[in-house]
Amino acid sequence: MEGFEIRISNTKKGKGLYATKQFNEGDVILAEDPLVSCQFAWNAAYRYLACDHCMRPLETPEQNVRRLSAKPDIVLPHSNCFETDLLNITSCNQCGILYCSEECKEISYAKYHRVLCYIQSETQHPVNVLLETWKQIHYPPETANIMLLVRILAFIQQHSDPESAAATIKQFCHRTVNEDAELVHKLLGDEFRSQINTLREMTAHVI
Ligand SMILES: [Zn+2]
Ligand SMILES: [Zn+2]
């Protein structure tokens, strides 16, 4: 990738991406894998099937519509337009979580899943306790999932060099709160302060 540079915009905005050449409409400027990602908690609770690492859907649009509508005989047009290969679906040998491919399974285990592998039906497992608390605080429409934070902490913990992993994460941190209204995570408001402390304590039990 070329044709851009990253530099500090100003102290308020932090880093910015600046074009160093003319781009045409439709050009790909930048593509990169996320450090970690995860589904929204309520999405997962309603059994939206997605790869636990890359979020590719593990059901066809037709299966998705049938599940959500509870109408097993709905037929969608153009079903051959679906591109994800469902034949490579695999799962973690220990906890059974689903992946779209062996590659996602291996990357996930190497990056963060080793310390987060647990049997999901154990309702009293610290991850489940945290997740349930989060869901009760944070009803849809969801803007974030605390599991992102848990995965970041797991990434640091199981890294061969935790300090450099933490440094990688810290380069994304500029400000905790963005005053530009909608982008502020609801939990960062003053009225949610006690909930933040609860979530912090629960997260400490996970990692
Ligand atoms: Zn995947
Ligand atoms: Zn597992």
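This is a predicted model: local features need pLDDT of at least 70, side-chain atom pairs count only at pLDDT 80 or more; totals for chains, interfaces and linings use all residues.

Biologist: Which residues make the contact between H4 and H5?

Modeller: On the side of H4 they are Val-127, Leu-130, Leu-131 and Trp-134, and on the side of H5 they are Ile-146, Met-147 and Val-150.

Biologist: At what angle do H3 and H5 pack?

Modeller: H3 and H5 pack at about 105°, and their axes are 8 Å apart, which makes H3 roughly perpendicular to H5. From H3 the contact takes Lys-111, Tyr-112, Val-115 and Leu-116, and from H5 it takes Val-150, Arg-151, Ala-154, Phe-155 and Gln-157. The residues of this contact of H3 with H5 divide into six nonpolar, one polar and two charged.

Biologist: How many helices and strands does the protein have?

Modeller: The secondary structure comes to seven helices and four strands, and, read along the sequence, these follow the pattern β-β-α-α-β-β-α-α-α-α-α. Of the 207 residues in the protein, 29% are buried. Among contacts between residues at least 6 apart in sequence, 49% join residues at least 24 apart.

Biologist: Let us turn to the metal sites. Which residues coordinate the zinc ion (ligand 1)?

Modeller: To read a metal site, one can look at the donor atoms, then at the angles among them, and then at where the donor residues sit in the sequence. The zinc ion (ligand 1) is coordinated at 2.3 Å by the SG atoms of Cys-51, Cys-54, Cys-100 and Cys-104. The angles among its four donor atoms are 106 to 115°, and the site is tetrahedral. Along the sequence, the donor residues are spaced C-x2-C-x45-C-x3-C. Cys-51, in the loop between helix H1 (41-45) and helix H2 (61-69), and Cys-104, in helix H3 (residues 102-116), are a pair that links distant parts of the chain, 53 residues apart.

Biologist: Are Cys-51 and Cys-104 buried or exposed?

Modeller: Cys-51 has a relative accessibility of 1% and counts as buried, and Cys-104, with a relative accessible area of 7%, is buried as well. The cut-off behind this reading is that buried means under 20% relative accessible area.

Biologist: What are the protein donors of the zinc ion (ligand 2)?

Modeller: They are Cys-92 (SG), Cys-95 (SG), His-113 (NE2) and Cys-117 (SG), lying 2.1 to 2.3 Å from the zinc ion (ligand 2). The site of this ion is tetrahedral, with angles of 104 to 114° among its four donor atoms. The donors follow the spacing C-x2-C-x17-H-x3-C along the chain, and both Cys-92 and Cys-95 are buried.

Biologist: What should I look for in the backbone itself?

Modeller: The general idea is that most residues other than glycine have a negative phi, and most peptide bonds are trans. In this structure, a cis peptide bond joins Pro-140 and Pro-141, with omega about 5°, and Pro-141 lies in the loop between H4 and H5. Arg-47, although not a glycine, has a positive phi of about 65°, and Met-55, also a residue other than glycine, has a positive phi near 75°.

Biologist: Where do Arg-47 and Met-55 lie?

Modeller: Arg-47 lies in the loop between H1 and H2, and Met-55 is found in the loop between H1 and H2. Arg-47 is exposed, with a relative accessible area of 64%, whereas Met-55 is partly exposed, with a relative accessible area of 21%.

Terms used: Residues are numbered from 1 along each chain as its sequence is written. Chains are lettered from A and ligands numbered from 1 in the order in which they are written. Side-chain values use heavy atoms; hydrogens and water are left out. Donors are N, O and S atoms within 2.8 Å of the metal (3.2 Å for Na, K and Ca); water is not among the atoms, so sites may look incomplete. Four donors count as tetrahedral if all angles lie between 85 and 135 degrees; four count as square planar and six as octahedral if opposite donors are over 155 degrees apart and all others between 65 and 115; anything else is irregular. Helices (H or I, at least four residues) and strands (E, at least two) are DSSP runs, numbered from the N terminus. Buried means under 20% relative accessible area, exposed over 50%, partly exposed in between (1.4 Å probe, protein chains only). Contact means heavy atoms within 4.5 Å. Axes are lines fitted to C-alpha atoms, for helices over the stretch in contact, and angles run from 0 to 180 degrees between N-to-C directions. Angles under 35 degrees count as roughly parallel, over 145 as roughly antiparallel, 65 to 115 as roughly perpendicular and the rest as oblique. Ala, Val, Leu, Ile, Met, Phe, Trp, Tyr, Cys and Pro count as nonpolar, Asp, Glu, Lys and Arg as charged, and the others, Gly among them, as polar.
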